[in-house]
Amino acid sequence: MNVYYNPLDKICKSITGGIKRNENLIFNVFGDGDEPCLFVYFKDGGEARYLHMQKSEKCWTLQLSLSEPGLYFYYFIIGGSKAGLGKMRNLEFSEQITYYQLLVYTEDYKTPDWFKGGIMYQIFPDRFYKGKSIVPEKGKWLHDNWNEMPEYRMNEQGKVLNNDFFGGNFDGIVQKLDYLKGLGITVIYLNPIFKAYSNHRYDTGDYMQIDPLLGNDADFDNFITECERRGIAVILDGVFNHTGDDSRYFNKYGNYDELGAYQSKDSKYYAWYNFKHFPDKYESWWGIDVLPSVNESCDSYANFITGTDGVIDYWIRRGVRGFRLDVADELPDEFIEKIRNAAHAARADALIIGEVWEDASNKIAYSKRRKYLQGKELDSVMNYPLKDAIIKFLKSENTEVLREAIAQLRDNYPKCVLDSLMNILGTHDTSRILTVLGGMPAYNKDEMNVTVMSEEVKTKAKEQLKIAAVLQFTLFGVPCIYYGDEIGMEGYGDPFCRHTFSWDKIDNDLLGYYKRLGKMRRYLTLFRDSEYRELYADEKCLVYERAAGDQQVIVAINLGNNLFDIKFNGKLFDLFDNDVFEGKFTILPKSCAILSNLRLNI
């Protein structure tokens, strides 16, 4: 049976991706047969409904609107045969079908426009740049040499204390803001900055206090002011699933002047935590006892974080533009909704990004389907699916996984989320992208500590990183540079991916490449809100277009050994060297190119 349906083709599905509640949606399934066609759909966990599609000369048609937000699934029955999701979202006949997905979100759902089209930069505060000297507190020690490796060895009790510091602070970041501005950075995402015992600060000690090693309130306010002066927004890491055991709220070691939950059941914080046997047995994040888990359904805790003058309100009113929510899948939907409401009450265009490693539109966490993108919770998520697909594409030299990931995101996510995705290649939780692409094995932390790439391996990895960066910067979403990736830093997993910024070992070729990509995004507004269209693809070559209004960009990536000609009307300019091409551009083997109908005088 000759039948065509693809939800990414607007002649088949009139709206790409998720739809608003009560929005009219038209489905067209093209085929020349006279068989009846049924549209079968159901809300997640609900009963199936069967609707007859109307047959015209060329297609079966159905108009549908859904009044209740949520996750829906659908498929077709054509002439008695089931047809569902196949490769690249095309229709496939099978008895064991995979359903298509349709996400319905609230009609008032929108994501912050100021974020779109920009460039993020993630900073691990202790490791970026050391400004004025600050003396560490008791129990913490400072490296004498900025370029030393972070401590990774266990103590006699089998624990890594994470109490070694390098002295990176707000004053240091301010001194390097012009460097970031030169990269085109519009948003800085900071790993935790609140008072804590460890260098990573995911063990929050006091949500309302800057960690003294980063500076004081005046230093923070100056940092925000200097960022705003350069048009750079700041978002913070919101760690609301757990606190530190050495915190004002738990106070296991008596270092705070309040009665903590560990000290007494009479503590006002006692209900925040889940004790199995008071005081020594309690729920903690992944069984790590220095990170006692918090009960987000506790009214006093939820109000402390999301109420008037609460944590969210306080920091946004001090100039922060939003939060990245650590381990979002461990936060209840109701709590995330309260966080977003609190953020928007303090600032209407606040940004809430979730740490979600999978497809956020249909994520199941702890046996519960999540509602992240249905209009009341998250504006964006960390785009791990795209990161993984880019890496697989470069290592396999096969476009299929990347094309499938692009298609899945476009089909499953609302357009306003697509334009706001946090496009990463690496973070503080992963090996650095250059090390991943280099592929040199290291089987334990002692090996990771000493393993570096040869110049030959590094040169090849760097060329792959350039292609990865092109994808990161030109696909839908907002690219996020993990500090130091732009200068060619290496590093395996934690803590080796958290090495201090190598200010004395900058790869200027790679840095110049990133700067050029940054200038491209600054000068071309189409990256804020434009359509994606695949122009050509085979196993090793992918060509796609981003277009909006009178602006057009064509991206060509060829990992194979063949030449490909792109033919077009008029002129296109190579955005890396401003060469002009008229009517035709040849994609060379093992190369990538970004072409535009606009010449950038930069």
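# Close-up views of a predicted model

W286 is exposed, with a relative accessible area of 68%; here exposed means over 50%, buried means under 20%, and partly exposed covers the range in between, as found with a 1.4 Å probe on protein chains only. The structure is a predicted model, in which local features need a pLDDT of at least 70 and side-chain atom pairs count only at pLDDT 80 or more, whereas totals for chains, interfaces and linings use all residues. Residues are numbered from 1 along each chain as its sequence is written, and side-chain values use heavy atoms, with hydrogens and water left out. The count of aromatic pairs comes to 61. W272 is buried, at a relative accessible area of 2%. The rings of W285 and W286 have their centres 6.0 Å apart and their planes at 55 degrees, so that pair is tilted too, and W285 is partly exposed at 23%. Rings of Phe, Tyr and Trp (its six-membered ring) pair if their centres lie within 6.5 Å, and planes under 30 degrees apart count as stacked, those over 60 as edge-to-face and the rest as tilted.

A261 is found in the loop between β18 (233–238) and β19 (275–277), where strands (E, at least two residues) and helices (H or I, at least four) are DSSP runs numbered from the N terminus. With a relative accessible area of 0%, A261 is buried. Leaving aside residues up to four places away in sequence, A261 touches Y249, F250, S267, Y269, Y270, Y273, F275 and F278, a contact being heavy atoms within 4.5 Å. By comparison, R369 lies 108 residues from A261 along the chain, and their C-alpha atoms are separated by 32 Å.

A search of the whole structure finds 49 salt bridges, each a side-chain nitrogen of Lys or Arg within 4 Å of a carboxyl oxygen of Asp or Glu. R324 and D326 form one of them, with their closest N and O atoms 3.2 Å apart, and both of these residues are buried. The side chains of R347 and D349 meet in another, at 2.8 Å from N to O; R347 is partly exposed at 29%, and D349 is partly exposed at 28%. A network of salt bridges links D206, R248, D257, E258 and K268.

K462 forms a salt bridge with D507, the closest N and O atoms being 3.2 Å apart. This pair links distant parts of the chain, with K462 in helix α12 (residues 455–474) and D507 in the loop between β27 (478–482) and α13 (508–523), 45 residues apart. K462 is buried, at 14%. At the start of α13, a side-chain oxygen of D507 also reaches to within 3.1 Å of the backbone nitrogen of D509. The buried residues of α13, including L510, Y514, L517 and M520, pack against α2 (177–182), α12, β27 and β33 (591–596).

**Helix α7 from cap to end.** N383 caps the N-terminal end of α7, where a side-chain oxygen lies 3.3 Å from the backbone nitrogen of L386; a polar contact is a pair of N or O atoms within 3.5 Å, and within protein one must be able to donate a hydrogen and the other to accept it, while residues adjacent in sequence count only if both atoms are side-chain atoms. The 13 residues of α7 (384–396) should span 18 Å at 1.5 Å a residue, and its end C-alpha atoms are 18 Å apart, which agrees; the expected span is 1.5 Å times one less than the number of residues. Among the buried residues of α7 are Y384, L386, I390 and F393, and what covers the buried residues of this helix includes α8 (400–412), β26 (422–424), α10 (433–438), α12 and β30 (551–558). Just after α7, E397 takes a positive phi of about 55 degrees.

**C37 without a disulfide partner.** The count of disulfides comes to zero, a disulfide being a pair of cysteine sulfur atoms within 2.5 Å. For C37, the nearest cysteine sulfur is that of C59, 10 Å away. C37 counts as buried at 2% relative accessibility, and C298 counts as buried at 10%.
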